[in-house]
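Please find below some comments on the model you sent.

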Amino acid sequence: MTESTAVLCVADTGPQALSELLHRHGLRLAVHASGDAIPGSYWGAPEAGVVGTVVHVRADTPVHSVLHETSHVICMSPERRAALHTDAGGDDLEESAVCLLQILLADELEGVGAARLMDDMDAWGYSFRLGSTRAWFEGDAADARQWLAERALTDAGGRPAFRLRTA
């Protein structure tokens with residue numbers, strides 16, 4: 001990947017903006033030093049990690065990874081969240097809801113936005129039936145939207161409700 005097409009990282013947005021976004025959900029962002037292991041990272045550094053209600057990152061962690069792991073924590077049941085370490089689990093529909101929510105959350109971050117996040121997701125290698133994240137988001141994500149709405153994780157306008165799943 002060339003420098004002009006590099007995905008946005010925590011260093012690009014600043015950890016404070018991400019921390020504030022997570023705090024709105026009752027979650028915490030833990031920033032680790034460059035070169036340190038990232039606790040709870042399923043894919044390994046520099047990808048984000050999750051342990052309980054804490055999302056672990058470094059400056060070189062991609063923003064899409066932070067938002068994806070954050071969305072997993074938001075979408076899982078309280079029982080799973082209490083035992084969470086590294087592997088968020090969940091079924092295919094929940095994974096789709098996580099992907100949708102991370103895109104919605106990107107619009108809450110100045111300088112990121114849904115369009116940029118979808119490009120970064122494609123660059124990382126997310127795979128959707130319609131070929132691209134944008135095509136899925138615009139034309140094939142109704143089941144994920146419904147899943148989020150049924151759990152009150154989005155409001156009537158389809159925006160993040162800034163709450164954790166309760167059941």
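The points below go through a predicted model.

1. H3 and H5 pack with their axes 8 Å apart, at an angle of about 125 degrees. Angles of 65 to 115 degrees count as roughly perpendicular and those over 145 as roughly antiparallel, so H3 and H5 are oblique to each other. The crossing of H3 past H5 is right-handed. On the H3 side, the contact is made by His64, Leu67, His68, Thr70, Ser71, His72, Ile74 and Cys75. H5 contributes Glu94, Glu95, Val98, Cys99, Leu101, Gln102, Leu105 and Ala106. By class, the residues of this contact between H3 and H5 are eight nonpolar, six polar and two charged.

2. H3 also packs against helix H2 (residues 15-23), at an angle of about 15 degrees and with the axes 12 Å apart. Angles under 35 degrees count as roughly parallel, and H2 and H3 are therefore roughly parallel to each other. H2 passes H3 in a crossing that is right-handed. Leu18, Leu21 and Leu22 of H2 meet Val63, Val66, Leu67 and Thr70 of H3. The contact of H2 with H3 has six nonpolar residues, one polar and no charged. Leu67 and Thr70 of H3 belong to this contact and also to the contact with H5.

3. What is the angle at which the axes of H5 and H8 cross? For helix H5 (residues 92-106) and helix H8 (residues 142-150), the crossing is at roughly 85 degrees, and the axes come within 8 Å. That angle makes H5 roughly perpendicular to H8. From H5, the contact uses Leu93, Glu94, Ser96, Ala97, Leu100 and Leu101. From H8, it uses Asp143, Ala144, Arg145, Trp147 and Leu148. Seven of the residues in the contact of H5 with H8 are nonpolar, one is polar and three are charged. Glu94 and Leu101 of H5 take part here and in the contact with H3 as well.

4. The largest pocket has a volume of about 310 Å³. Its lining has 15 residues, and Trp43, His68, Glu69, His72 and Glu95 lie nearest the centre. The lining of the largest pocket divides into five nonpolar, six polar and four charged residues. His68, His72 and Glu95, listed here near the pocket centre, are also in the contact between H3 and H5.

5. Which helix gives the most to the lining of the second largest pocket? H5 does, with four residues. The volume of the second largest pocket is about 210 Å³. Of its 13 lining residues, Glu95, Ser96, Cys99, Ser127 and Phe128 lie nearest the centre. The classes in this lining are five nonpolar, three polar and five charged.

6. Two backbone details deserve a look. Ala45 and Pro46 are joined by a cis peptide bond, with omega about 10 degrees. Pro46 lies in the loop between strand E1 (28-31) and strand E2 (49-51). Thr86 has phi near 80 degrees, a positive value in a residue other than glycine. Thr86 is placed in the loop between helix H4 (78-82) and H5.

Note on methods: Residues are numbered from 1 along each chain as its sequence is written. This is a predicted model: local features need pLDDT of at least 70, side-chain atom pairs count only at pLDDT 80 or more; totals for chains, interfaces and linings use all residues. Side-chain values use heavy atoms; hydrogens and water are left out. Axes are lines fitted to C-alpha atoms, for helices over the stretch in contact, and angles run from 0 to 180 degrees between N-to-C directions. Helices (H or I, at least four residues) and strands (E, at least two) are DSSP runs, numbered from the N terminus. Contact means heavy atoms within 4.5 Å. Ala, Val, Leu, Ile, Met, Phe, Trp, Tyr, Cys and Pro count as nonpolar, Asp, Glu, Lys and Arg as charged, and the others, Gly among them, as polar. On a 1 Å grid over the protein atoms alone, a cavity is a set of points where a 1.4 Å probe fits but cannot get out, and a pocket is an open set with protein on both sides within 12 Å along at least five of seven lines; lining residues have an atom within 4 Å of a point. Grid points are joined across faces, edges and corners, and a volume is the space filled by probe spheres set on the points. A crossing is left-handed if the near helix is turned anticlockwise from the far one by less than a right angle, and right-handed if clockwise.
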